[in-house]
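Have a look at the structure first, and then read on.

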Amino acid sequence: MTSQRERLYIGASGVPEVQLSQHGKFLVVKRFDISESAYLEFEDMCVLSGWGTAKKYDGSYQGCAKLIRSFVTPSRVTRTLEDFFLMVALSAGIQNGDAHLKNFGLLYENCAQDADVWLAPAYDLVTTTVYNCNDIMGLLLGGSKAWPKRKMLVQFGRSSCGLSEARCNELLARVQDGMAQAMAELSEYQSTHPEFAAVGEKMAAAWAAGLAKSIAVQ
């Protein structure tokens with residue numbers, strides 16, 4: 001039988017449950033910091049770095065990987081670094097320039113020294129280039145905030161996340177497949193919501209550019 005703790009962690013590899021309101025004005029997100037019996041503790045990467053909110057864009061994805069190694073339960077580190085790699089790759093693919101230190105975090109059940117610590121699910125994913133066509137990545141990757149080429153993501157996966165090149169390729173293929181499915185859903189949504197057409201077209205163009213540069217095999 002899977003425990004509540006394991007169910008929480010399994011869910012961390014994806015996103016929280018979400019639902020768009022009927023008039024399209026609100027995105028309702030199910031809280032992921034509540035277990036069956038209590039509130040979970042949550043600390044974002046900015047807090048774990050010992051920095052104030054004003055510095056949320058000042059770090060790097062390599063630095064976040066180091067924090068994961070330092071704070072996540074040792075038995076979970078390998079899986080957590082894979083999940084984090086997926087989050088960074090997805091942000092590059094959809095051109096999410098808001099993937100800063102406060103948009104990645106860790107969860108745990110209590111403050112005990114042996115507390116079980118794991119990665120929070122992905123949240124606050126936005127294609128920011130729709131609204132700022134010159135936007136860049138939220139944090140440094142390999143010393144730059146420019147949208148990365150696939151080679152740079154693989155290098156990050158190998159050097160900072162401890163992944164083999166083959167595993168990086170497998171995970172990037174998952175991102176590509178997921179984005180392809182999302183692009184089909186986006187097209188369907190546009191066809192039934194003409195008021196969304198202009199934004200939808202910009203999103204589709206941004207995703208196509210992100211896939212070509214960062215995710216697809218060159």
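The report below covers a pocket, a cavity, a helix and a set of paired strands.

This is a predicted model, in which local features need pLDDT of at least 70 and side-chain atom pairs count only at pLDDT 80 or more, while totals for chains, interfaces and linings use all residues. Residues are numbered from 1 along each chain as its sequence is written, and side-chain values use heavy atoms, with hydrogens and water left out.

**Empty space**

Rolling a probe the size of a water molecule over the atoms shows where empty space is left. Here a 1 Å grid over the protein atoms alone is used: a cavity is a set of points where a 1.4 Å probe fits but cannot get out, a pocket is an open set with protein on both sides within 12 Å along at least five of seven lines, and lining residues have an atom within 4 Å of a point. Grid points are joined across faces, edges and corners, and a volume is the space filled by probe spheres set on the points. For the classes, Ala, Val, Leu, Ile, Met, Phe, Trp, Tyr, Cys and Pro count as nonpolar, Asp, Glu, Lys and Arg as charged, and the others, Gly among them, as polar.

| Space | Volume | Lining by class |
|---|---|---|
| Largest pocket | about 1,700 Å³ | 27 nonpolar, 11 polar, 6 charged residues |
| Largest cavity | about 60 Å³ | 7 nonpolar, 3 polar, no charged residues |

Of the 44 residues lining the largest pocket, Val18, Leu27, Leu125, Met203 and Trp207 lie nearest its centre. Helix α6 gives the largest share of this lining, 9 residues. The residues around the largest cavity include Met87, Phe104, Tyr123 and Leu125.

Helices (H or I, at least four residues) and strands (E, at least two) are DSSP runs, numbered from the N terminus.

**Strands**

Two strands pair if DSSP finds at least two bridges between them. Strand β4 (residues 105–108) pairs in the antiparallel sense with β3 (residues 41–44) over 4 bridges, and Tyr108 is the bridge partner of Glu41.
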